[in-house]
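Please look at the sequence and the structure as they come up.

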Amino acid sequence: MDKFYHSVRLDASLCKGCINCIKRCPTEAIRVRGGKASINNKFCIDCGECIRVCPHHAKHATYDKLDCMRQYEYTVALPAPSLYSQFNNLDDVNIVLNALIRMGFDDVFEVGAAAELVSEATRKYISEHEDGLPYISTACPSVVRLIRVRFPNLIPHLLPLNPPVEVAAVLAAKRAMEKTGLPREKIGIIFISPCPSKVTYVKAPLGTEKSQVDRVLAIKDVYPKLLACMKAVSREEYPTIGTAGKIGISWGHSGGEASGLFTESYLAADGIENVIRVLEDMEDQKFTNLRFVELNACNGGCVGGVLTVENPYVAEVKLKRLRKYMPVARTHMSENSQEIIPWTTGVQYEPVFSLGNTMMESFSRLNQVERLMKKFPGLDCGSCGAPTCKALAEDIVRGEANESDCVYFLRENLHKLSEEVSMLAEDLGEGRKKKEKQEPLKLIKEYIDRISQEMSVLDQKEGVKRDGAGTDESGNLSDD
Ligand code: SF4
Ligand code: SF4
């Protein structure tokens with residue numbers, strides 16, 4: 001398993017080098033050099049922000065196509081609670097669940113039902129392990145990945161329980177095998193996801209060695225086909241197959257998970273910038289009375305994932321309306337579910353942002369970064385292709401960029417060189433003998449060569465910015 005697997009990718013052929021994405025990446029994982037973006041796969045947490053902001057659709061998420069269902073003898077759909085929030089005037093989740101069967105799935109297992117089990121397990125875990133308070137939800141894989149690379153001190157606060165999608169997959173696979181007698185490999189457990197982060201979770205899970213989810217579809221791909229099937233279902237009599245209640249459905253929006261814990265001592269934040277602010281405050285031990293912290297990388301929670309179709313705030317209202325007349329919870333823990341919910345592996349700190357391999361090396365490189373930053377203007381303009389002057393300085397000490405990538409630095413150099421040339425020209429003008437003029441002439445030629453070299457670098461940079469196009473250097477996560 002590649003622990004830095006990513007589902008967010010770059011199509012270098014579509015990238016225009018416009019630098020829109022570099023500033024929005026919360027982990028400064030993107031650089032634009034030679035007119036093309038690239039993603040550092042160790043820094044990326046698959047939050048999907050760059051997909052949202054790229055005006056040229058050069059960033060996208062990878063996931064499975066609908067026809068993957070055909071590869072299995074028996075398929076079970078795992079609909080995320082956020083799926084229900086995509087439809088207008090939906091007042092019964094059973095319409096969606098029966099439409100999934102009509103679409104071709106053999107069975108459905110609601111992720112919301114598994115979420116009710118995780119809520120119950122969380123209440124139990126927190127009350128039995130008060131020494132680790134406050135606990136941070138591990139339902140959003142981007143948040144767990146962010147903590148893994150940037151907030152090592154908070155790793156002990158991660159709630160060591162599997163996310164609902166994993167619990168749903170284990171239970172769904174077990175039920176399918178019992179029902180059909182088929183071996184596990186002939187059964188496809190297929191999650192319908194609101195975000196790329198959960199696609200990444202399935203390929204490279206944290207907290208468990210291997211995910212029981214076999215395939216992941218995007219809500220936006222399923223939506224049109226499902227909508228047509230829902231219209232047909234709603235005209236007939238359909239059976240009640242939903243097993244999630246208010247608690248399970250609420251996991252689809254920010255604050256929903258925390259509300260199922262029946263405590264006032266919680267904090268819920270959504271949107272990656274807010275999440276980072278909360279984590280920084282937690283590191284500074286600003287929250288002393290909290291029991292639980294729910295964090296979602298997307299605005300509004302899972303309803304705001306980039307693989308959904310509805311506006312996150314409208315979707316949240318729809319979800320709240322849908323759950324209004326539901327019972328509080330409809331699925332409860334058994335002995336079996338108690339065993340499958342806890343993590344089986346821990347999360348290890350990945351020091352990807354360190355500047356060196358040893359403490360000494362990191363310290364000396366940090367000094368180099370500080371020296372370099374004094375040379376740069378501190379405008380964080382992004383023209384160098386790095387999001388900030390500090391990020392450029394760090395790239396330089398890692399050997400991934402040059403000082404001349406900074407256009408201001410380059411201009412200053414040109415200015416100095418032309419001053420030196422004019423001083424030499426003055427010397428020459430003072431009427432030396434022909435032989436004595438040879439040396440300064442050689443120097444002038446050298447200066448002119450250097451100036452024209454630096455000018456061509458500058459031209460290239462400005463040309464890239466003007467045209468929005470450049471050479472064809474592809475990114476680490478490019479599809480090419
Ligand atoms: S630099 Fe490339 S990937 Fe980034 S926003 Fe511009 S076109 Fe999209
Ligand atoms: S998906 Fe990765 S590269 Fe894109 S903004 Fe998020 S962390 Fe940055």
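Leaving aside its neighbours within four places in sequence, with which residues is Val199 in contact? They are Ser7, Thr62, Tyr63 and Val216, where contact means heavy atoms within 4.5 Å. Val199 is found in helix 7, residues 196-203. Helices (H or I, at least four residues) and strands (E, at least two) are DSSP runs, numbered from the N terminus. Val199 is buried, with a relative accessible area of 3%; buried means under 20% relative accessible area, exposed over 50%, and partly exposed in between, with a 1.4 Å probe and protein chains only. From C-alpha to C-alpha, Val199 and Asp46 are 9.2 Å apart in space, and 153 residues apart in sequence.

Some conventions before I continue. This is a predicted model, in which local features need pLDDT of at least 70, side-chain atom pairs count only at pLDDT 80 or more, and totals for chains, interfaces and linings use all residues. Residues are numbered from 1 along each chain as its sequence is written, chains are lettered from A and ligands numbered from 1 in the order in which they are written, and side-chain values use heavy atoms, with hydrogens and water left out.

Now the chain as a whole. The chain has 17 helices and eleven strands. Its C-alpha trace spans about 105 × 50 × 40 Å along the principal axes. Of its 480 residues, 55% count as buried. Among contacts between residues at least 6 apart in sequence, 79% join residues at least 24 apart.

Let us turn to a sheet. In what order do the four strands of the open sheet lie? The order is 6-5-8-9, and the pairing is parallel; two strands pair if DSSP finds at least two bridges between them. Strand 6 (107-108) and strand 9 (215-218) are the edge strands, each pairing on one side only. Strand 5, residues 74-79, pairs with strand 6 in the parallel sense over two bridges, and Val76 stands opposite Asp107 in strand 6. Helix 6, residues 164-180, packs on this sheet and touches strand 5, strand 6 and strand 8 (187-193). The direction of helix 6 makes about 150° with that of strand 5; axes are lines fitted to C-alpha atoms, for helices over the stretch in contact, and angles run from 0 to 180 degrees between N-to-C directions. Helix 8, residues 219-234, lies across strand 8 and strand 9, at about 70° to strand 9.

Next, strand 11. Five of the five residues of strand 11 (292-296) are buried. Phe292, Glu294 and Asn296 point one way, whereas Val293 and Leu295 point the other way. In general, side chains in a regular strand alternate between the two faces of the sheet. Strand 10, residues 266-270, pairs with strand 11 in the parallel sense over five bridges, and Asn296 is the bridge partner of Asp270. Strand 7, residues 135-136, also runs parallel to strand 11, joined by two bridges, with Ile136 opposite Val293.

Finally, the ligands. Which residues are closest to ligand 1? Of the 15 residues that surround ligand 1, the closest are Cys15, Lys16, Cys18, Cys21 and Cys54. A residue counts as near a molecule or strand if one of its heavy atoms lies within 4 Å of it. Around ligand 2 there are 13 residues, the closest being Cys25, Cys44, Cys47, Gly48 and Cys50.
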